[in-house]
Amino acid sequence: MSVFPIMNALFAGMLLFSVFTWSVSLLLLSLIYGLFLIFVYLLDTSCNSRQYKIAFWLFILSEAIIFATLGFCCIYFDFDYYTNLSSSKELPFLGCFLLLGSSLTASACHRFFKWDTGCYFLLFLTMVLGLGFVVVQMWEMDEIIVNIYDNSFYASCFCTVGLHFSHVVLGLIGLGVVAWYGPKEFGYYRSTLVIWYWHFVDYIWIFVYIVVYIC
């Protein structure tokens, strides 16, 4: 398993901290470390035995930790007199049906990879449901009367919902790539990873819905 992602994360942290604190010495150290990372990257790409599956699940684990942290912030900064971003029985509830429905069609698409016509139809239906969620989410954001600058609670909620929204968009791009090349041409393994990622995005929304709109 490559340690390159961990080294990249350390570099990003050093660089951001040096910029936020205006530390010139740490900034120079970060740039030197960045040059070292380029050398490590060249060595890493020369290795053919990559454990992509382990890397994928580590990525999912890191994403789950980020969402759990934001969810904790939403609960920690919540007070009785704060109102939720939206009613849990309105647009966010509709979003649950759209994403869970897309999860079912994605599972069926994965099941029928060898059936070209049915697979393409189910993949297209998954993308339509995902796009429907994007439209509903944008509609909801347009109607919200509070903003991210009001207090820490709303900032945490907006960050949680916004991060999930970005994941939905990335998932739709991934599904679009699979549809463009075709599941067979794109490869069964890579297509499976995209489907797994879409399931992750779907189920994370249940967590976001409970923490942001119900709790």
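Among contacts in the protein between residues at least 6 apart in sequence, what percentage join residues at least 24 apart?

1. The share is 79% for contacts between residues at least 6 apart in sequence, counting those that join residues at least 24 apart. It should be kept in mind that this is a predicted model.

2. As regards secondary structure, the protein contains eight helices and zero strands. Read from the N terminus, the order of elements is accordingly α-α-α-α-α-α-α-α.

3. On burial and surface, 40% of the 215 residues are buried. The accessible surface of the protein is about 13,000 Å², and carbon and sulfur atoms account for 74% of that area.

4. The largest nonpolar core comprises 45 residues, of which Leu85, Trp205 and Val212 touch the most other members. At least two residues of this core are supplied by each of helix H3 (52-76), helix H4 (91-111), helix H5 (116-143), helix H6 (152-181) and helix H8 (188-214). H8 provides the largest share, with 14 residues. In soluble globular proteins, nonpolar side chains tend to be buried together.

5. Setting aside neighbours within four places in sequence, Leu85 is in contact with Ile144, Val146, Tyr154, Cys157, Phe158, Val161, Val212 and Tyr213. Val212, one of these partners, is also among the core members that touch the most others.

6. Another core, of five residues, lies apart from the largest one. Its members include Met7, Met14, Leu26 and Leu37.

Note on methods:
Residues numbered from 1 in each chain as written. Predicted model: local features only at pLDDT ≥ 70, side-chain atom pairs only at ≥ 80, totals over all residues. Heavy atoms only, no water. Helix = DSSP H or I, 4+ residues; strand = E, 2+ residues; numbered from the N terminus. Buried < 20%, exposed > 50% of the residue type's maximum accessible area, 1.4 Å probe, protein only. Contact = heavy atoms within 4.5 Å. Areas by Shrake-Rupley, 256 points an atom, 1.4 Å probe, with all protein chains shown as cover. Core = buried A, V, L, I, M, F, W, Y, C linked by side-chain atoms within 4.5 Å.
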